[in-house]
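The sequence and structure are shown first.

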Amino acid sequence: MTQVANRPYRSALYIPGSKERALEKAKGLACDAILFDLEDAVAPDEKVNARALLKETLAQGGYGNRAKIVRVNGFDTQWGRDDVAAFVGADIDGILLPKVESAAMVEELAQAIPDVPLWAMMETPLGMLNAAEIAAHPRMAGFVMGTNDLAKELNTRFRADRLPMMGGLHMCLIAARAYGVICLDGVYNAFKDEEGLKFECEQGRDMGFDGKTLIHPAQLEIANAAFAPSEAEIDLAERQIAAFEEAEAKGEGVAVVDGKIVENLHIVTARAMLAKAEAIKALT
């Protein structure tokens, strides 16, 4: 398994590519990544202008260390190929293709734009079934769960625990972890419901997602807190590492911290957590 990048992806905020004011405001927001959207957030008669505006805005810079990912329209639309062509050579960190369902779709995107990490919207039943082959593509960098579309395709009802779509979420997570790509949880639609967002962020974190996709800046603080190591977790990781290193110096293979066995696998996790905490510090 290849390890995912150390860059944090706690919060990935969708910004409409057609909204000049929103594009400017995003330069000062505390998000780890920006998903510049040319697809769902842009009306058909605004698509071409949005593409030009976004290209010009990104060329001007100003987004700092935030990951810049452009969600294009699908290749089954009249805008998709022109969207991708517009960002060849642009200063971006990824191209996000909607409704990816096969490795062939990823390869088609790879042929259209060189030297840019590829991201896949995972939002259909066929995408869930083919998650492993999609993740295995050598240019694949990340999955974004499209939970609204997935719920529609599965004909599920809304439940706070998201039980009806857990199968699909887990299939994508397993594929992402098998091939070392980032995996971001879907959006929470009720952006004024802080308790509901907190629950879903913590659920996604505990499942293993790297972060949460968001639809409103008001959601950033909760997502950033949920997907960052807590002070207690950092303290435990440091104590585990210290105890294990002391045990190794004595020729022992395990240590005990807070009454629990600590083995090498726990140290790998602890060091990864500390590296994530340092990466988050570097962003702020």
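Leu58 is placed in helix α2. The model is a predicted one. With a relative accessibility of 5%, Leu58 counts as buried, because the cut-off for a buried residue is under 20% relative accessible area. Leu58 and Val72 are 14 residues apart along the chain, and their C-alpha atoms are separated by 14 Å.

The partner of Arg51 is Asp83, and the closest N and O atoms of the two are 2.7 Å apart. This pair links distant parts of the chain, since Arg51 belongs to helix α2 (residues 47-60) and Asp83 to helix α3, 32 residues apart. Arg51 is buried, at a relative accessible area of 11%, and Asp83 is likewise buried, at 1%.

## Other salt bridges

How many salt bridges does the structure hold? The number is 24. In general, side chains of opposite charge can pair when their charged atoms come close.

One of the salt bridges joins the side chains of Arg7 and Asp93, with an N to O distance of 3.8 Å. Arg7 lies in the segment before β1 (11-16), whereas Asp93 lies in the loop between α3 (80-86) and β4 (94-97), so this pair ties together parts that are 86 residues apart in sequence. Arg7 is partly exposed, with a relative accessible area of 30%; Asp93 is also partly exposed, with a value of 22%.

A further salt bridge connects Lys250 with Glu246, where the closest N and O atoms are 3.6 Å apart. Lys250 is exposed, its relative accessible area being 57%, while Glu246 counts as partly exposed at 49% relative accessibility.

## Surface patches

Which residues form the negative surface patch? Asp193, Glu194, Glu195 and Glu221 make up this patch. Glu195 has its place in helix α9, which covers residues 194-207. The relative accessible area of Glu195 is 62%, so this residue is exposed.

A nonpolar patch on the surface is formed by Leu126, Leu129 and Met171, which together have about 280 Å² of accessible area. Leu129 is located in helix α5 (residues 125-129). Leu129 counts as exposed because its relative accessible area is 62%, and the cut-off for an exposed residue is over 50%.

## Positive phi angles

Most residues other than glycine have a negative phi. Asp115 is not a glycine, yet has a positive phi of about 60°. The residue lies in the loop between α4 (103-112) and β5 (118-122). Is Asp115 buried or exposed? Asp115 is exposed, with a relative accessible area of 76%.

Arg162 also has a positive phi, of about 55°, although it is not a glycine. Its position is in the loop between α7 (147-154) and α8 (166-179). Whereas Asp115 is exposed, Arg162 is buried, with a relative accessible area of 6%.

## A loop glycine

Where does Gly146 lie? Gly146 is found in the loop between β6 (140-145) and α7. With a relative accessible area of 8%, Gly146 is buried. Although Gly146 and Val187 are 41 residues apart along the chain, their C-alpha atoms are separated by 7.6 Å.

## Annotated domain

According to an unreviewed UniProt entry, residues 10-217 carry the feature "domain: HpcH/HpaI aldolase/citrate lyase". Over residues 10-217 the chain is 40% helix and 19% strand. The end C-alpha atoms of this range are 13 Å apart.

Conventions:
Residues numbered from 1 in each chain as written. Predicted model: local features only at pLDDT ≥ 70, side-chain atom pairs only at ≥ 80, totals over all residues. Heavy atoms only, no water. Patch = residues over 30% accessible without salt bridge, like charges linked within 9 Å, V, L, I, M, F, W, Y side chains within 5 Å. Areas by Shrake-Rupley, 256 points an atom, 1.4 Å probe, with all protein chains shown as cover. Salt bridge = Lys/Arg side-chain N within 4 Å of Asp/Glu carboxyl O. Lys, Arg positive; Asp, Glu negative; His and termini not counted. Charge placed at Lys NZ, Arg CZ, Asp CG, Glu CD. Helix = DSSP H or I, 4+ residues; strand = E, 2+ residues; numbered from the N terminus. Buried < 20%, exposed > 50% of the residue type's maximum accessible area, 1.4 Å probe, protein only. UniProt positions renumbered as here; feature names shortened; annotations may be inferred.
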